[in-house]
2 protein chains.
Amino acid sequence: MPDPSDATREMQRLLRRAQSTPDAADASDLPAADIVRHLQPFLTERRQARIEAVLEERTTTVVPVVEGIVNTGNVSAVMRSAEALGFHQFHVIMNAAAEDTQFKTSRRTSQGAEKWLDVQVWETPAACARRLRERGYRVVVTHLDDAAVPLGTLDFTEPTAIVFGNERDGASEALLAEADATCIVPMSGFTQSFNISVAAAVVLYHAREDRLRRQGHHGDLPADAKEALRAHYFLQSVNRAADILARAQEEV
Amino acid sequence: MPDPSDATREMQRLLRRAQSTPDAADASDLPAADIVRHLQPFLTERRQARIEAVLEERTTTVVPVVEGIVNTGNVSAVMRSAEALGFHQFHVIMNAAAEDTQFKTSRRTSQGAEKWLDVQVWETPAACARRLRERGYRVVVTHLDDAAVPLGTLDFTEPTAIVFGNERDGASEALLAEADATCIVPMSGFTQSFNISVAAAVVLYHAREDRLRRQGHHGDLPADAKEALRAHYFLQSVNRAADILARAQEEV
C-alpha cells in the first residue's frame with residue numbers, strides 16, 4: 001500500500017494532467033478554423049476520420065460528476081468510460097477528507113482518457129452544483145433513498161449532471177442537499193451494490209442508449225463548439241503543434 | 001505483488017468456494033419442498049421476501065462465461081455484476097497458461113456473489129461450448145472482428161451464452177473457433193476498450209434491459225427450478241441448516 005501522501009500527489013497529478021490540456025483558445029491566438037487549417041497537413045486521413053467520428057458523437061447534455069472519490073484508479077476508470085461513451089465534460093468534486101484517507105493509486109486505468117475530456121475540479125458540492133444549475137443542468141445523484149427513481153425513468157435528452165459519490169460512503173450530505181433528484185440502478189440479486197467504476201459505466205452506457213432511443217443520436221454539439229473541439233483535438237494529436245502554429249503566424 | 005502460485009491458489013479457492021455451495025439435492029435426501037418447509041421458521045419474513053424477489057428475477061436464458069481471466073479480482077467482479085443483475089449460471093473456462101502468469105488477487109470484490117451463483121468450471125473452450133450448445137445456447141463472444149455485430153442487435157430472450165475473454169489478450173483462438181457470433185459494445189471515443197469488469201457489467205446490464213423491453217420480464221425460471229433454487233437459498237441462509245434437517249428427518 002503506497003504512502004497516503006504519495007497517493008494524494010498521484011490524484012493531483014491526474015487532475016493537473018487533465019486540466020492542463022490546452023484549450024484551442026488558450027493555446028494560440030488563432031481562431032479555431034485557422035488552427036485546424038494549419039495542423040491538418042500533419043494528420044493522417046485515418047486520424048482525421050477518427051476525430052470527425054468522435055466529434056459527431058460528442059455531447060455536453062449529460063455531464064458525469066464524481067464526488068470525493070479517494071482512489072485515483074476509480075476516477076481514472078470513470079473518466080475512461082465517460083470518454084469512450086462520448087461525454088465531453090467531466091466534473092470532479094474533491095474529497096474534503098482526502099489528506100486523511102488512505103489512497104490507492106493507478107496510473108494506467110484511464111488510458112489517457114483525461115486528455116480528451118473537459119475536466120473541471122471543484123472544492124465543494126455547492127460550488128459545483130451552483131455552476132451546473134446556472135448552465136441549465138438538473139443535478140441527479142446516484143443514491144438510494146426513499147425518493148430515488150429507477151435509472152430508466154430519467155430522460156437523458158434533458159441537460160443532466162449525473163453524480164457518483166465516494167466508493168465507500170456514497171454521496172455526501174452536502175451533495176445530497178444540492179440534488180434535484182436521486183436515482184438507482186435497478187438490481188435484482190442478493191448483491192446490492194456495484195463498485196464505483198462499474199456503476200458509473202452502467203449509468204453512462206444507459207444514458208447514451210436512452211438518448212439514442214429517444215432522439216436517434218447521442219452527439220449534439222453545435223457547429224461552433226465542434227469547430228473549437230476539433231482544433232483542440234488537432235492540438236492534442238500533432239507533435240509540436242505550438243511550434244507549427246507559431247511558424248504559420250510568422251509567415252502571415 | 002503476491003507470488004504467482006499464491007495467486008493461483010487464490011483463484012482456486014474462489015472457484016472451490018463457488019462450486020462447493022451445496023445443491024439442494026446434495027445437501028439432503030429431502031425433496032426441495034421439505035427443505036423449504038423445515039427451514040422456513042428459521043428465516044425472518046424480510047429475508048424470505050428478499051429470496052422470493054431474487055427468485056422472481058432469476059434467469060438461466062443468458063449465461064455469462066469468462067475465459068482465461070488471470071486476475072481473480074476480475075472474475076469476482078464479473079460474478080458480482082452477474083449475481084446483482086439476476087443471472088444464475090456462471091461458467092469459467094480456465095486459463096491454460098495460468099501457472100505461468102502473474103496473478104493479482106482480490107478477496108472482497110465479489111462480496112460473496114459466488115455463493116448465489118451456479119458456477120461451472122471448464123478446462124477448455126471446446127468442452128464448455130459443446131455443453132452449452134447441447135443445452136440449446138448460442139455462443140456469443142465479445143470480440144472485435146469483421147463479423148462482430150453491435151450488442152444492440154442481439155435478442156437476449158434467446159438462449160445465449162455471452163463470453164468475455166482474457167483481460168489482456170481477449171478471447172483465445174480456440175474459443176473463437178466455437179463462437180456462433182461475435183459482438184462489440186459500441187463506443188464513440190478515442191478510448192477504444194473497456195476493462196473486463198466494466199465491459200461485462202455493461203453487456204449484462206444491456207442483456208437484462210433488452211429482455212425487459214422485449215418481453216416485459218427478466219426472470220423466467222420454471223416452477224420446479226424455482227423451488228429447487230428456493231431450497232438452495234434457504235440452505236445458504238440458515239445457520240446449521242444440515243443439523244436442522246437431520247433433526248427434522250429423525251422426528252418423522
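**Helix pair in chain B.** I began with helix α5 (residues 72-84) and helix α8 (residues 196-215) of chain B, whose axes come within 9 Å and cross at roughly 15°. Axes here are lines fitted to C-alpha atoms, for helices over the stretch in contact, and angles run from 0 to 180 degrees between N-to-C directions; helices are DSSP runs (H or I, at least four residues) numbered from the N terminus. The crossing of α5(B) past α8(B) is right-handed, meaning that the near helix is turned clockwise from the far one by less than a right angle.

I then listed the contact, counting two residues as touching if their C-beta atoms, placed from the backbone, lie within 7 Å. From α5(B) come B:Asn74, B:Ala77, B:Val78, B:Ser81 and B:Ala82, and from α8(B) come B:Ile196, B:Ser197, B:Ala200, B:Ala201 and B:Leu204. I sorted these residues into seven nonpolar, three polar and no charged, with Ala, Val, Leu, Ile, Met, Phe, Trp, Tyr, Cys and Pro as nonpolar, Asp, Glu, Lys and Arg as charged, and the others, Gly among them, as polar.

**Provenance.** I note that this is a predicted model, in which local features need pLDDT of at least 70 and side-chain atom pairs count only at pLDDT 80 or more, while totals for chains, interfaces and linings use all residues. Residues are numbered from 1 along each chain as its sequence is written, and chains are lettered from A and ligands numbered from 1 in the order in which they are written.

**Between the chains.** The contact of the chains takes 25 residues from chain A and 25 residues from chain B. On the chain A side, α5 (72-84) and α8 (196-215) each supply at least two residues, and that side divides into 13 nonpolar, nine polar and three charged.

**Core.** B:Ala201 is also among the residues with the most contacts inside the largest nonpolar core, which has 134 residues. Such a core is a set of buried Ala, Val, Leu, Ile, Met, Phe, Trp, Tyr and Cys residues joined through C-beta atoms within 7 Å.

**A loop residue.** Lastly I checked A:Arg240, in the loop between α9 (223-237) and α10 (241-250) of chain A, and found its phi near 55°, a positive value in a residue other than glycine. A:Arg240 counts as exposed because it has 10 C-beta neighbours inside 10 Å; the cut-offs are 12 or fewer for exposed, 20 or more for buried, and partly exposed in between.
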